[in-house]
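Please read them with the structure open.

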Amino acid sequence: VISDYLLPGMSGRDLLKKVKSGGLPVEILIASSDENLKSAVDFMREGAHFYFVKPIDTNKLLDLLPAAIARAQAASAKYQRMKSMEDRIATLTPAQAESVWHVLSVDTQAQAAAAQGIGLPTLKQHWQTATDKLALQGIAERYLCYTILSNRYGLHPSHANVELAHA
């Protein structure tokens, strides 16, 4: 998105904040007649891909577009992975979600069962059902699942040993 700093009804800064807070994978390029370096730095810190001083140098814009598009595509892929994992997590019961989180955050399933206050056979049943629903593929997906569950339930152990979680 290429936006002027001054828009009817809102500023370019308001647009930038709204887009970035919505989590959408969109890159924003701001154009302004303000040559103030502080304004440019502030916009970049707030997530703008670039800050142009008008009049816009078309060649500079064309040079920046491939990088902006690549960043947007990478952000879109990340957003899709996150959304897919959230959708899969939504199929879990609360007990299954808690079991998955405990297994991903400790070294052994026995520790996870003890931390959850359930027997090992129950934990293994929750883990098997949950992993079938989640279809976790590799360490990156396990870590993503762990992160989403931690944020959703406010669970944050002192360490997370995702690599050693037993399948």
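1. Leu 15 sits in helix H1. This is a predicted model, and in it Leu 15 touches Val 1, Ser 3, Leu 7 and Met 10, leaving out residues up to four places away in sequence. His 126 is 111 residues away from Leu 15 along the chain, and the C-alpha atoms of the two are separated by 44 Å.

2. His 126 belongs to helix H6. Is His 126 buried or exposed? Its relative accessibility is 19%, so His 126 counts as buried, the cut-off being under 20%. Residues up to four places away in sequence aside, His 126 touches Ala 95, Gln 96, Ser 99 and Ile 118.

3. The largest nonpolar core has 21 residues, and those touching the most other members are Met 85, Ile 89, Val 100, Leu 134, Cys 145 and Leu 149. At least two residues of this core come from each of H3, helix H4 (94-105), helix H5 (109-116), helix H6 (120-134) and helix H7 (138-153).

4. Which residues does Leu 134 contact, apart from its neighbours within four places in sequence? They are Met 85, Arg 88, Ile 89, Leu 92, Val 100 and Cys 145.

5. Next, the sheet. It is open and made of three strands in the order S1-S4-S5, with parallel pairing. Strand S1 (2-4) and S5 are at the edges with a single partner strand each, so one side of each has no neighbour in the sheet. On average, and ignoring direction, neighbouring strands here are turned by 25° against each other.

6. Four bridges join S4 and S5 in the parallel sense. Ala 31 has Phe 52, in S5, as its bridge partner.

7. H2 lies across S4 and S5 and runs at about 155° to S5. Helix H3 (residues 58-89) lies across S1, S4 and S5, and its angle to S5 is about 170°.

8. Helix H2 (residues 37-45) has Ser 39, Ala 40, Asp 42 and Phe 43 as its buried residues. Why are these four on the same side of H2? Because the arc they cover around the axis is only 165°. Leu 37, Lys 38 and Arg 45, on the other side of H2, are exposed. The cover over the buried residues of H2 includes helix H1 (12-21), strand S4 (29-32) and strand S5 (50-53).

9. Both ends of H2 deserve a look. At its start, the backbone nitrogen of Lys 38 has a side-chain oxygen of Asn 36 within 2.7 Å. After H2 comes Gly 47, with a positive phi near 115°.

10. Ala 135 is in the loop between H6 and H7. Although not a glycine, Ala 135 has a positive phi, near 50°. With a relative accessibility of 36%, Ala 135 counts as partly exposed.

Definitions and conventions:
Residues numbered from 1 in each chain as written. Predicted model: local features only at pLDDT ≥ 70, side-chain atom pairs only at ≥ 80, totals over all residues. Heavy atoms only, no water. Buried < 20%, exposed > 50% of the residue type's maximum accessible area, 1.4 Å probe, protein only. Arc of directions from axis to C-beta. Contact = heavy atoms within 4.5 Å. Polar contact = N/O pair within 3.5 Å; in protein donor to acceptor, adjacent residues only side chain to side chain. Pairing = 2+ DSSP bridges. Axes fitted to C-alpha atoms, helices over the stretch in contact; angles between N-to-C directions. Core = buried A, V, L, I, M, F, W, Y, C linked by side-chain atoms within 4.5 Å.
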